[in-house]
Amino acid sequence: MRSSLIIATWLSLGAAQTHAFGPFEKNVAARAGHLNAATAALKPFLSQNASVILPIDKDWDALQIRGTSPRIHPNFNAIVEAATEEDVQKTVELASKFGIPFLAVSGTHGWTKTLNNLPYGIQINMRKLNSVTVDPSGKTASIGGGTLQWEANRALYAKNKQAVLTLCECTSVAGPMLAGGHSMLQARHGYTLDDLVSARVILANGTAVTASSSSNPDLFWALRGAGQSFGVVTSLQLKLYDVPSTWTISTFIYTSDKLEAVLDAVNKVDSDATRSPNLVLSGVGKRIPPMDPENPVILYTLSYQGPEAEAAAYFAKFQAIGPITVKPSTNVNNVELYKVTQNSVDSVACTRNKNSMGSGVSLPSWNTTAARAAFDVFSKMTADPRFSQSVFLLENYGMQGVQAVDPSSTSLSLEERQYPAVANPTIWWNGTAAVGQADAEAYGEQIRQALFAGLPKGAKKHTYVNYAVGTEDFNQMYGYDTARVQRLKALKKAYDPRNGFRFYNPVPLA
Ligand SMILES: Cc1cc2nc3c(=O)[nH]c(=O)nc-3n(C[C@H](O)[C@H](O)[C@H](O)COP(=O)(O)OP(=O)(O)OC[C@H]3O[C@@H](n4cnc5c(N)ncnc54)[C@H](O)[C@@H]3O)c2cc1C
């Protein structure tokens, strides 16, 4: 009796929304009131550990803070903290039925400004779906859809296992995976999505399905490259590996005049067919005034999963460039790794609420003239005190594992499989001033265009979907080959005809 009353309430609110406050209703304030009431009515259908949080509740403000706020601020007016797959299912089902926008939130590090297109709607907070279970075979793990990297990594390491997780401890496992998953293990095992065995997915109509090579294979294909446009992943099964050894790591710190020499060395190592897949190359440009009061310096890190002796020849090449100093670390385990590489939960990389904006560029190799032009812009930008904490990421994690995967087996763009070098200015600043954002965007775009200007003739412009700022066109993120793009769009139409999943660098319906 009680539940039919609640359904009736929900339905009447939903009907009102469908007719008077449809999905594209401009009067968001009016819709907000209805949505609050409707969301509250959802509560009795949720599991015991789920909660519905509204703006009047004490936890509201904390749940608006993101790794990328205040710049990224999806407009929520209700939060459902889902504790079970059914909670997600019920929420999506009812939201979709009545045209209420919704967005899954896990690690809060999504940094594309398309997330700001969410008009008043429901945050489906995934953090209670936080679990890591090593499957009995020991060859896969089942990971909850709201689990963070550090939680997964530490749980696996406790069992002497590792998986292709990404670098920053504070992002989720699912978020990066759905569009790639750049990882320190990618040279051996491919991107995170290449190691996905299966996923439980809530589709736009609220149906829960399994996606794998044998169950809904089309969805499985689309999910691995454009997943945010297709569903909410409540759990995923990833391949596991035994931890083979500890890491040997050296960070070489150079003055900025060594940029060309460093990138030349990176190009040489990276194009060598004998490059060890245990080697990870990653650099950061940043200001450290005690080391150089005038210019940013370059911190270039070589990480090698294996003994020092095996890494020595690589380290020697970077030593020969003439660093100001070198910070060596040996015998680094898989948990310490994040601290040593400055990607741990307490690192600057995981700072919250400082706008955090990327502007990613993927490249077939480093063009040192273009890189110098880009670095000059970065140098100018960080001389501005507002942006002085920003960094310039120069990543070459290794591509053997990525390129060993049949490119037709996932929806990931060809460029994402081919281009080994990734540049990403990561811009941090405080506050909400429009001028700050406009200036940051302008600097980010100048850096990006400077790098694109160095592309070899015929090479296509590419940005990793997860490093997009939200201004890129579809092909720049999802690729240019007609068959792949058409298949992706056709699947979008089939799986999400009402475009419920349209807030993360979306695959368009047409
Ligand atoms: C500091 C920082 C470090 C980064 N490091 C890396 C890195 O090492 N490697 C790499 O590849 N990328 C990296 N990225 C990019 C990262 O892949 C994206 O920002 C990603 O979107 C973060 O996911 P999230 O869950 O943390 O963020 P959220 O903002 O919670 O989610 C981002 C998007 O994914 C969707 N989503 C989240 N969870 C689910 C789910 N369970 N099911 C369906 N959709 C879901 C959300 O709806 C949203 O559209 C980094 C970004 C930042 C800001």
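**Notes on the predicted model**

1. Confidence comes first. The protein chain has an average pLDDT of 93, and 92% of the residues reach at least 70; pLDDT is the predictor's confidence in each residue, on a scale from 0 to 100. Do keep an eye on residues 1-26, where the pLDDT is below 50 and the model shows 32 contacts beyond near neighbours in sequence. Two residues are in contact when their C-beta atoms, placed from the backbone, lie within 7 Å.

2. Some ground rules for reading on. This is a predicted model, in which local features need pLDDT of at least 70 and side-chain atom pairs count only at pLDDT 80 or more, while totals for chains, interfaces and linings use all residues. Residue numbers start from 1 along each chain, as its sequence is written.

3. Now the overall fold. You will find 16 helices and 18 strands in the protein chain; helices (H or I, at least four residues) and strands (E, at least two) are DSSP runs numbered from the N terminus. The radius of gyration is 23 Å, close to the 24 Å from the globule rule for 510 residues, so the protein chain is as compact as a globular protein of that length. That radius is taken over C-alpha atoms, and the rule is 2.2 Å times the number of residues to the power 0.38.

4. Of the contacts between residues at least 6 apart in sequence, 73% join residues at least 24 apart.

5. The ligand deserves a look. It is surrounded by 32 residues, the closest being G107, G110, L167, G175 and P176; a residue is near if its C-beta atom, placed from the backbone, lies within 6 Å. At least two shell residues come from each of β3 (102-105), α5 (174-177) and β10 (232-239). The shell holds 15 nonpolar, 17 polar and no charged residues. Here Ala, Val, Leu, Ile, Met, Phe, Trp, Tyr, Cys and Pro count as nonpolar, Asp, Glu, Lys and Arg as charged, and the others, Gly among them, as polar.

6. Finally, some backbone details. S69 and P70 are joined by a cis peptide bond, with omega about 0°, and P70 sits in the loop between β1 (51-53) and β2 (76-81). N216, in the loop between β9 (208-212) and α7 (217-226), has a positive phi near 50°.
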